[in-house]
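Please examine the structure shown below.

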Amino acid sequence: MLDQLDGRSMKTFITVMEEKSFSKAALKLGYVQSTVTMHIHQLEQTMGQPLFRRLPRGVELTAAGREVAPYAYRYLQLGESLQDKLSGLSEPKGVVRLRALESFCVPLLPRLLPSFFEQYPLIQLQLENGFQRDITQDVSAYRIDLGIVPRDPETRHITFIPLIRDELIWVGAPALVQRIELEGWESVANTQVIGFGGRCIYQTMASLFMADKGQALFSALEFESSAMIKQTLMVGMGLSLMPLTAVADELQAGKLMRVTQEQGIPLEHGLIYRSGKELSPPAQACKEYLVSFFSALNERVSG
């Protein structure tokens, strides 16, 4: 089988999988669609099984395709690592795939990205948002190089490096929070809990908390961005369980208020990557930079 595999077919397979479309994959790769179809057909013949199921709009992986996917990522990553080794470059060059929670990215990444790109101008950072479970699965399946998650996933084959301590706190508009402080949670029984949705670990913890308060049937309002969540909170439309780092500026400005009678839930944002996997030079440089940056940040905060 090995002598029938080639990097172009693997790259085409991954692009079709990610784009969920032959035509979109062709556009992204700069191929005509017939070339994409030929690459996938050759790969399916090599594997002896169909890898994609054709849908009315687009395609999806078959069971065999899902099995092939992590190996396809590893195949290409090994090729990239070999190319990096042979190039003899004095500084890291190439693509690094990094995925993190949006609530982590907004307050923290703007503080480190300018100096990162200044130090590593040849690295192309592909940064995407995601949730803890998705990020962990993507790292496990070799779909991304690095992930940043709010808690150690404690998953086999995943290495977790702590970056920064944080806590989840209940926040809302000052008038709403003051009512809770004076009259208890019963006074806001019909208030919405605003968050990122059921895939987010914050919303899961919020649901458990509300159930413990006897309000299991609370209504939820979901947004994809922390900016939308905070804007909705500030006009008094509900409460949210958010990382302290994500709402620190709004708390300081008095636009939001913390529910002080409730203890924060400890978080420890950390970097994850596939154990036993040799990171490419750019991914290794990115890992070392992140660890160094947050180590220095923690020292400044504790000092």
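In helix α2, residues F22, S23, A25 and A26 meet Q33, V36, T37 and I40 of helix α3; contact here means heavy atoms within 4.5 Å. The residues of this contact comprise five nonpolar, three polar and no charged. Ala, Val, Leu, Ile, Met, Phe, Trp, Tyr, Cys and Pro count as nonpolar, Asp, Glu, Lys and Arg as charged, and the others, Gly among them, as polar.

This is a predicted model, in which local features need pLDDT of at least 70 and side-chain atom pairs count only at pLDDT 80 or more, while totals for chains, interfaces and linings use all residues. Residues are numbered from 1 along each chain as its sequence is written, and side-chain values use heavy atoms, with hydrogens and water left out.

Two packed helices are described by the angle between their axes and the distance between the axes. Helix α2 (residues 22-29) and helix α3 (residues 33-47) pack at about 110°, with axes 8 Å apart. The two are therefore roughly perpendicular, a term for angles of 65 to 115 degrees.

The chain as a whole contains 11 helices and 11 strands, which are DSSP runs (helices H or I, at least four residues; strands E, at least two) numbered from the N terminus. Of its 303 residues, 47% count as buried, that is, under 20% relative accessible area with a 1.4 Å probe, protein chains only.

Residue E268 lies in strand β11 (residues 265-274). E268 is partly exposed because its relative accessible area is 25%, between the limit for buried and that for exposed, which is over 50%. E268 and P150 are 118 residues apart in sequence, yet 5.5 Å apart in space, C-alpha to C-alpha.

Note on methods:
Axes are lines fitted to C-alpha atoms, for helices over the stretch in contact, and angles run from 0 to 180 degrees between N-to-C directions. Angles under 35 degrees count as roughly parallel, over 145 as roughly antiparallel, 65 to 115 as roughly perpendicular and the rest as oblique.
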